[in-house]
Amino acid sequence: MISYILRRMLQLVFVLWAGATLLFFLLFTLPNSPGELIAGGANRSANPVVVKNVNHKLGFDRPIYVQYGKFMARTVRGDLGESYRTHEKVNDILKERAPLSLRIAFWAIVIEILVGVSSGVLSARRRNSFADTATTLVAVVASAIPVFVLAYLMKQVTGVYAYQHNWPGWMRFPALGFGPNEWYLWIIPSWEQLRYLAQPVIVLASVSTAILARITRTSMLESLRLDHVRTARAKGLSEKKVIRRHVLRNAMIPVVTIIGIDFGTAAGAAILTEFSFNLPGVGSKIVTAASQRDLPIVLGLSIFVMAVYGVASLLVDISYAFLDPRIRLGGEDG
Amino acid sequence: MDPLLDVKGLTVGFGTDDGVVQAVRGVDFEVRSGEILAIVGESGSGKSVTAMSLLKLLPPSATIEGSVDWAGESLLDASEQRMQAVRGNEIAMIFQDPLSALNPVYKVGQQIAEMVHSHRKVSKADARARAVEMLTQVGIPQPEKRVNQFPHEFSGGMRQRAMIAMGLSCEPRLIVADEPTTALDVTVQAQVLDLLVDLCHRLSTAVILITHDLGVVAGIADRVTVMYAGRVVESGSVDDVFDATAHPYTAGLLSSLPRLDGDVAAPLVPIAGQPPSMLNPPSGCSFHPRCPFAKEEAGCMTIVPTLDERRPGQLSACHRAPELIETGALLRVGAPA
Amino acid sequence: MVDERDQSGRNIVNGPDEGPMRALRGDPAGYGELSAQQSAALALSELEATALDASLEDVGPSRSLGTDAWRRFRRNKLAIAGLVIVGMLVALGLIGPFLVQNPSFQTQAVRESPTNQHWFGTDQLGQDEFARVVYGVRLSLYIGFMVTLVETVIGVLVGALSGWFRGWTDTILMRLVDVLLGIPYLVLALALVTAIGRGVTAVVVTLAVTAWLQTARTVRAGFLTVRDLEYVDAARTTGVPTYRIIWRHVLPNVFQPVVVLVAVGIGSAILAEAALSFLGVGPVPPTASLGLMIAGSRDYFTEAPHLLLFPGLAIVALVLGFLLVGDGLRDALDVKDA
């Protein structure tokens with residue numbers, strides 16, 4: 001088990017290094033020189049002398065491997081660089097914005113797992129019932145609605161329409177701002193905070209929840225058909241015990257994998273959610289930086305998102321190994 | 001003595017999109033205490049479905065008719081709760097592929113202990129001790145260590161031994177073994193089978209051994225029931241059926257086996273043709289399209305033959321059985337002309 | 001005695017009925033419902049099930065994989081609904097330019113609700129919303145198809161190279177896939193767009209570069225399985241040229257999961273394009289793009305909800321259609337790992 005975790009951590013370090021390298025070369029070797037971007041601003045007809053000066057000042061006229069060496073040296077030290085438009089430091093941006101993003105992501109994942117897994121299990125248990133058909137349909141449609149469309153609809157219904165028509169308080173959520181920033185134990189929102197948090201969290205959770213419900217249902221149905229479930233019945237176990245001990249646990253193995261894989265999609269959805277709700281998180285900042293072509297910010301924040309995603313996947317893989325002894329003990333593939 | 005298990009007219013159908021598949025069509029057999037009954041048949045003959053229907057382990061899409069009499073109690077009418085008490089405790093099952101039949105995420109010991117736990121009021125430690133004891137009995141070395149291992153850490157033969165240990169852990173009166181050695185390496189098949197038979201003799205547990213391999217049956221079974229296309233075509237003591245079969249299908253099966261007591265140079269003759277479709281089985285005797293003796297006048301193509309006693313204790317379902325037994329034609333099936 | 005096991009075992013790999021055989025052997029059939037026939041057969045032991053299947057197939061004349069898959073696809077109501085949606089939208093995209101006026105033509109009527117003249121109303125610039133939705137669907141479909149085309153070509157090539165040559169080629173290519181999978185797709189897409197700029201072509205390139213990973217993995221897995229099968233070995237030892245082995249034996253085996261990935265991939269690409277447009281890093285205005293239209297509507301939702309609803313519905317319909325078709329194909333072709 002220890003060796004598995006170590007191996008997996010080494011792999012994470014490699015992926016992070018290679019990903020950062022890839023993004024670096026992607027952003028800093030493609031046709032338009034950074035100096036031109038900065039000096040020329042939006043209209044792109046920059047004075048060549050200015051471009052040259054800017055490039056020199058920021059070190060872009062040095063050979064690419066020197067630039068890469070400097071980039072790696074500071075990244076390893078934990079310095080993710082600074083904007084060359086506003087000279088904001090990526091680390092400062094993160095200090096300010098990362099907590100909100102992480103909190104929203106955390107609660108969205110909690111909802112995703114609770115609602116997604118339980119509705120998938122119920123759906124599979126009462127196969128072909130009305131509830132099953134409804135869950136399946138809702139899940140299919142939900143995975144086809146773009147996050148931002150859902151965000152706007154939600155904002156308009158519970159954030160605007162509800163206020164205009166005096167809906168009861170628990171159905172009204174403020175559509176603007178991000179609340180008083182009150183948290184217990186860093187992660188638990190105060191009641192007032194929750195009212196601001198609810199909409200983005202629900203929107204962010206929706207797509208993943210739908211996917212997870214579908215996967216859980218399929219996985220449950222597959223597990224129900226496995227030979228060892230027949231063995232469990234032949235042993236004389238009650239149907240409840242068969243499901244709880246021999247179907248659920250095995251069905252959760254692929255579900256956990258999907259949760260891990262889904263973090264990547266969820267990161268994208270988080271960016272869209274933050275942008276739609278104008279939340280001051282990491283995601284909305286990446287978008288702004290990308291549209292302003294602020295390369296160091298895009299690079300620095302991307303590395304941060306990659307690291308969070310990587311650590312989350314690592315945790316998922318470890319819990320996966322706990323669920324499946326074949327992985328833990330390095331046996332044959334499941 | 002009354003039989004332990006008495007099955008009469010067992011019929012199992014599965015509703016499918018293309019119609020009802022009659023997997024088992026009126027099967028009769030009985031098992032007495034401590035006896036080993038082999039049910040032999042090709043793939044699709046309905047032998048596994050028969051086994052599963054005894055414990056009502058078939059999916060809801062299956063309809064079961066007939067009667068299953070278990071020591072005076074009708075199992076087909078028993079409640080689900082009663083069936084749970086029967087399963088594992090009174091009748092245990094051993095499946096074909098021990099790798100998939102064991103749950104990969106639990107330790108072997110846990111899975112045996114779970115069986116003990118669900119039928120006996122015992123402490124956790126006692127259930128575990130029982131698991132170790134059973135692993136010792138089935139000849140697994142270092143049972144104290146093995147009990148804490150997962151199925152994938154066992155070899156194929158060891159896994160099936162563990163399955164046998166689990167099956168016998170509650171000392172059932174009958175054990176149903178569905179192709180218990182088919183998935184195993186040839187070299188360990190005999191060992192595992194011997195072990196099963198040996199233990200069952202010692203515990204005087206009756207065995208229904210389901211197999212497609214007639215060769216397996218010869219050494220160990222007391223009686224044999226041959227199935228074809230969902231029906232019993234012949235049944236009797238192993239000696240009778242092997243030495244003087246009363247059905248062309250059994251004769252065909254026997255002639256495709258290498259025999260030690262006969263002419264070693266004699267060619268092995270497979271039965272021509274394929275097992276029939278269970279969705280639309282042949283009329284009359286299901287075996288007639290493949291039978292070398294089928295005759296229009298005998299009614300082979302039109303009338304379903306009944307299972308009649310041909311010799312004391314030996315039954316066969318064949319219109320031409322008396323004539324074929326008389327002329328000894330069945331003994332020469334597969335012999336060079 | 002006939003050795004059924006061996007025979008059916010061989011059938012499973014090279015028979016035309018790989019799909020149903022696998023389902024009946026008890027392998028998970030993928031998403032969705034089991035037919036009654038399948039669930040009945042699953043109850044039987046493996047040996048009996050294969051024989052039962054063989055016998056069921058005997059009933060009618062032998063069916064090819066295509067007919068068989070289509071038969072199962074047709075029974076799936078959701079899949080048919082998806083096919084109808086996709087068909088209608090593709091038709092709309094093709095004939096749309098003959099139906100509607102220039103989507104950039106600005107009338108005096110600004111943010112007008114739907115009328116007889118402007119079915120979907122007009123937007124904040126006075127442009128006909130219906131015309132813009134039609135052109136938006138056209139663009140979405142174009143991007144969806146182009147991205148999937150490029151992505152599939154890259155994915156199949158990389159997967160095939162990896163799975164066929166193994167060794168170093170495989171290690172390097174698969175590490176690359178791992179690394180790219182380690183970057184959330186939207187982050188990678190944003191970085192790419194930052195690097196190469198905006199516009200339709202940039203979007204196609206960006207999305208194709210982020211999307212080929214799953215295809216490559218699936219194709220590689222298919223190659224790895226098939227390469228070791230006996231009949232491929234046999235073909236090799238008898239001197240059949242490599243390209244013929246790949247063409248005749250290996251590609252048909254990876255074809256089914258790739259078909260499913262293509263259908264699902266078009267939907268995902270459309271969704272991703274809408275997201276990029278919405279974030280302001282996709283096609284440049286005045287291009288009629290559904291994501292851009294939604295982004296432009298955000299300040300007027302209360303007075304002009306149609307500006308969010310119609311393009312929003314168009315995206316949902318497009319994505320849902322391809323998703324349902326993909327799911328239907330997955331079930332009909334019995335593809336598990338796509």
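Chain B contains 12 helices and 12 strands, where helices (H or I, at least four residues) and strands (E, at least two) are DSSP runs numbered from the N terminus. This is a predicted model, in which local features need pLDDT of at least 70, side-chain atom pairs count only at pLDDT 80 or more, and totals for chains, interfaces and linings use all residues. Residues are numbered from 1 along each chain as its sequence is written, while chains are lettered from A and ligands numbered from 1 in the order in which they are written.

**Overall dimensions of chain B**

Along the principal axes, the C-alpha atoms of chain B fill a box of roughly 70 × 45 × 45 Å. Of the 337 residues in chain B, 52% are buried. A residue is buried if 20 or more other C-beta atoms lie within 10 Å of its own, exposed if 12 or fewer, and partly exposed in between, with C-beta atoms placed from the backbone. Among the contacts in chain B with a separation of 6 or more, 64% involve residues 24 or more positions apart; two residues are in contact if their C-beta atoms, placed from the backbone, lie within 7 Å.

An open, antiparallel sheet of four strands in chain B has the order β2-β1-β4-β5; two strands pair if DSSP finds at least two bridges between them. Its edge strands, each pairing on one side only, are β2 (19-31) and β5 (73-74) of chain B. Helix α1 (residues 47-54) of chain B packs on this sheet, touches β1, β2 and β4 of chain B, and makes about 70° with the direction of β2(B). For this angle, axes are lines fitted to C-alpha atoms, for helices over the stretch in contact, and angles run from 0 to 180 degrees between N-to-C directions.

| Strands | Sense | Bridges | One bridge pair |
|---|---|---|---|
| β1(B) (5-16) and β4(B) (62-70) | antiparallel | eight | Val12(B) and Ile64(B) |
| β6(B) (91-94) and β7(B) (174-178) | parallel | four | Ile94(B) and Ala177(B) |

Strand β6 of chain B is covered on both faces, with Ile91(B) and Met93(B) buried on one side and Ala92(B) and Ile94(B) buried on the other.

Lys47(B) belongs to helix α1 of chain B. Lys47(B) is buried because 30 other C-beta atoms lie within 10 Å. Beyond its neighbours within four places in sequence, Lys47(B) is in contact with Ile39(B), Gly41(B), Ile210(B) and Met227(B).

An automatic or database domain assignment divides chain A into domain 1 (31-79) and domain 2 (92-323). His87(A), in the loop between α4 (64-76) and α5 (90-125) of chain A, has a positive phi of about 60° although it is not a glycine. His87(A) is exposed, with 8 other C-beta atoms within 10 Å.

The contact between chains C and A takes 38 residues from chain C and 40 residues from chain A. On the side of chain C that touches chain A, α9(C) gives the largest share, 10 residues.
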